[in-house]
Amino acid sequence: MPVEEFVAGWISGALGLVLGHPFDTVKVRLQTQTTYRGITDCMVKIYRHESAYCLAPFDLIKVRLQNQTEPVAQPGSPPPQYQGPVHCAASIFREEGYRGLFRGAWALMLRDTPTVGIYFITYEGLCRQYTPEGQNPSSATVLVAGGFAGIASWVAATPLDVIKSRMQMDGLRRRVYQGVLDCMMSSVRQEGLGVFFRGVTINSARAFPVNAVTFLSYEYLLRWWG
């Protein structure tokens with residue numbers, strides 16, 4: 001892979017991550033907790049009572065920190081369970097062992113493997129459909145194609161994203177699920193098939209701007225260096 005493509009991908013991915021993180025926090029809360037009445041209620045309560053934590057590159061730590069619901073520390077109030085990403089990682093290792101750091105890894109792999117294909121096929125297909133032959137796609141085409149590619153991949157990924165998030169939170173207090181299949185069966189038995197699409201609206205709302213910006217910055221960086 002040329003250095004220019006690597007750097008362009010890294011920068012555009014970072015921009016997408018920064019833009020999408022607030023939506024991702026709301027998505028995880030809706031998937032794993034039942035205390036919110038909807039997306040707006042979740043956003044308002046998080047903004048009013050809590051700080052957002054996502055400083056580590058590990059998905060497990062991100063989910064644990066996003067689910068930390070203690071209000072911002074005040075004099076006399078008990079400290080939050082995790083003081084930060086490093087403390088969170090150390091606590092998981094101490095309480096759940098080495099395997100605890102990889103909780104939900106199978107669900108994460110099952111989620112990402114097919115959706116990466118859907119992601120790029122959708123983007124390339126839309127760009128080719130709306131770009132005259134021999135020309136580069138316009139900025140509007142890249143934005144729309146990138147946005148819909150993100151939505152398509154997240155609609156496909158949401159069922160296993162729900163399972164991943166639940167398995168990552170499993171073990172915080174006590175073990176509930178014996179594995180990916182058990183988590184699926186238990187979730188359906190208790191909450192119905194609709195549980196697999198919990199958070200799909202916020203996933204889609206996040207996916208469009210994040211991936212539109214990601215692909216637009218990627219394409220422009222390549223053209224600038226080219």
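## Helix α3 against α6

In this predicted model, α3 and α6 pack at about 75°, with their axes 9 Å apart. Axes here are lines fitted to C-alpha atoms, for helices over the stretch in contact, and angles run from 0 to 180 degrees between N-to-C directions. The angle makes α3 roughly perpendicular to α6 (65 to 115 degrees; under 35 is roughly parallel, over 145 roughly antiparallel, the rest oblique).

From α3, Asp59, Leu60, Val63 and Arg64 meet Lys164, Ser165, Gln168 and Met169 of α6. Contact means heavy atoms within 4.5 Å. By class, this contact has 3 nonpolar, 2 polar and 3 charged residues. Nonpolar covers Ala, Val, Leu, Ile, Met, Phe, Trp, Tyr, Cys and Pro; charged covers Asp, Glu, Lys and Arg; the others, Gly among them, are polar.

## Helix α3 against α4

Helix α4 spans residues 85–96. The axes of α3 and α4 come within 10 Å and cross at roughly 100°. The two helices are therefore roughly perpendicular to each other.

Leu60, Ile61, Arg64 and Leu65 are the α3 side of this contact. They meet Pro85, Cys88, Ala89, Ile92 and Glu96 in α4. The class count is 7 nonpolar, no polar and 2 charged residues.

## A covered helix and its arginine

Buried means under 20% relative accessible area, exposed over 50%, partly exposed in between (1.4 Å probe, protein chains only). The buried set includes charged side chains: Asp59, Lys62 and Arg64.

Arginine 64 lies in α3. Its relative accessible area is 2%. Arginine 64 and serine 165 are 101 residues apart in sequence, yet 9.0 Å apart in space, C-alpha to C-alpha.

## Nonpolar cores

The largest nonpolar core has 9 residues: Ala107, Val162, Ile163, Met167, Tyr177, Val180, Cys183, Val195 and Phe196. A nonpolar core is a set of buried Ala, Val, Leu, Ile, Met, Phe, Trp, Tyr and Cys residues joined through side-chain atoms within 4.5 Å. Two elements give two or more residues to this core: α6 (139–169) and α7 (180–191). Helix α6 gives the most, with 3 residues.

A second, separate core has 7 residues, including Tyr119, Tyr123, Val142 and Phe215. Back in the largest core, tyrosine 177 touches Arg166, Asp170, Asp182, Cys183, Ser186 and Ser187, not counting residues up to four places away in sequence.

## Threonine 141

Threonine 141 sits in helix α6. This threonine is buried, with a relative accessible area of 13%. Leaving aside neighbours within four places in sequence, threonine 141 is in contact with Leu126, Cys127, Tyr130 and Thr131.

## The whole chain

The protein has 8 helices and 0 strands. Helices (H or I, at least four residues) and strands (E, at least two) are DSSP runs, numbered from the N terminus. Buried residues make up 42% of the 226 residues. Among contacts between residues at least 6 apart in sequence, 69% join residues at least 24 apart.

The accessible surface comes to about 13000 Å². Carbon and sulfur atoms account for 65% of that surface. Areas come from the Shrake-Rupley method with a 1.4 Å probe; for residues, only the protein chains shown count as cover.

## Basis of the values

Residues are numbered from 1 along each chain as its sequence is written, and side-chain values use heavy atoms, with hydrogens and water left out. Local features need pLDDT of at least 70, side-chain atom pairs count only at pLDDT 80 or more, and totals for chains, interfaces and linings use all residues.
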